[in-house]
Amino acid sequence: MATMGSRAKVASAQTARAAAAIKNRALLTLAGLLRQNVAPLQAANQRDLERAAAAGLAGPLLDRLKLGTRDIATVAAGCEQLAAMPDVIGEIIGMKQQPSGIRVGQMRVPIGVFGMIYESRPNVTIEAASLAIKSGNACILRGGSEAIESNKALAALVHQALLEAGLPAEAVQLVPTTDRAAVGLLITMPQYVDVIIPRGGKGLIERISRDAKVPVIKHLDGNCHVYVDDPCDLTMAVAVADNAKTSKYSPCNASEGLLVARGIAAAFLPEIGAIYAAKGVEMRCDAEALALLSAVPGAVVQPASEQDWYEEYLAPVISIKVVAGVDEAITHINQYSSHHTDAILTRDHMHAQQFLREVDSASVMVNASTRFADGFEFGLGAEIGISTDKFHARGPVGIEGLTSLKYVVLGNGEVRR
């Protein structure tokens, strides 16, 4: 780990001064290599899937481990999107003339070296690598042991793309061992690593946050909510509430809680309840929602416990509560959510503005599915993760989240008097 750290430090100096055209060439080369190697990548991924299934890995984690054709196409497109974006490194902002004659502004610069620790999803290897390249950083990646074959195959393509573009292969390094001791060392090397980004289950992130000796960009869980307001477009609300929960159960941006205004509940809940019932989604409800949903054919409903309001299920389960209106919805979300992503579905402009101002979450949405809380969907090209911290980076962390600002002063011989 010390060797990897020292190599990353050297590589970070080279990537920090690399021209935008060189970084973009690496990204476009990587996109091409990904598309050309779908079969070998999926063969490596299949070995991981078979081993994980034999070890009894849970369904949602197996789902995250899959590297489908669409997943490969998405990360390749992310590389191309990043290449097409302006290079922010070296950008100077806020330059102002001072009474002394000096001009003071801030320059955007790479952080240096970041360590990434993640579970299951092999596509994170490409997202992290591509963002490291574009932002002029170096990175050390430690994926989950269940995805080791997939990650090695992906990292090999990254190294090929870096070398073809004239960048050091050590700018992106994959920890080759599944030994957990490597994680303990990676998070306690401030002489080499400038920031750690954990991406995985709550247990992993709590451990990293507790034991790290370098700064951590993190979110612990994704207890996201959809609030259906009165008034709303009922057809749209049903479609969005369905998508937010059932398009995929395992991501952190899937909705885990559904809040419904009392004035619309009798019309809305039976419709969404029928859809959830058909898809096998269990509904854990307060008394009012339970009364309205119990008559839905095939619905699996039960009373919600206090813990259900806090829960990130990552499964076909959702908590449902009827609230008086937007004020109670905001209070509930700010108390129980993980401050990741929350959405309001409404036709009332004032309610929408109030929700945007007062909900204390990293991403707040109006009339859109929480599933859009993603770096690629936000136009960031890719994301290194989603931060629910309030310092430095919040929400999907893209290029700017992997940079820092330093003050620059331009003078003409001024001296302080």
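Begin with the crossing of helices α10 and α11, which is right-handed in this model, a predicted one. Select residues 234–246 for α10 and residues 262–278 for α11, and you will find that their axes come within 10 Å and cross at roughly 40°; the two helices are therefore oblique to each other. To see what makes the contact, show the side chains of Leu-234, Ala-237, Val-238, Ala-241, Asp-242, Lys-245 and Thr-246 on α10, together with Ile-264, Ala-267, Phe-268, Glu-271, Ile-272, Ile-275 and Tyr-276 on α11. Coloured by class, the residues of this contact divide into ten nonpolar, one polar and three charged.

Next, select α2 (residues 20–36) and α6 (residues 123–135), which pack with their axes 8 Å apart and at an angle of about 160°. Because angles over 145 degrees count as roughly antiparallel, α2 is described as roughly antiparallel to α6. Here Lys-23, Asn-24, Ala-26, Leu-27, Leu-30 and Leu-34 of α2 meet Ile-126, Ser-130, Ile-133 and Lys-134 of α6, and the contact comprises six nonpolar, two polar and two charged residues.

Finally, move to α9, residues 202–211, and pick out Leu-204, Ile-205 and Ile-208, which are buried. Turn the view until you look down the axis of α9: the buried residues fall within an arc of 95°, so they line one face of the helix.

Note on methods. Residues numbered from 1 in each chain as written. Predicted model: local features only at pLDDT ≥ 70, side-chain atom pairs only at ≥ 80, totals over all residues. Heavy atoms only, no water. Buried < 20%, exposed > 50% of the residue type's maximum accessible area, 1.4 Å probe, protein only. Helix = DSSP H or I, 4+ residues; strand = E, 2+ residues; numbered from the N terminus. Arc of directions from axis to C-beta. Axes fitted to C-alpha atoms, helices over the stretch in contact; angles between N-to-C directions. Parallel < 35°, antiparallel > 145°, perpendicular 65-115°, else oblique. Left-handed = near helix turned anticlockwise from the far one by under 90°. Contact = heavy atoms within 4.5 Å. Nonpolar A, V, L, I, M, F, W, Y, C, P; charged D, E, K, R; others polar.
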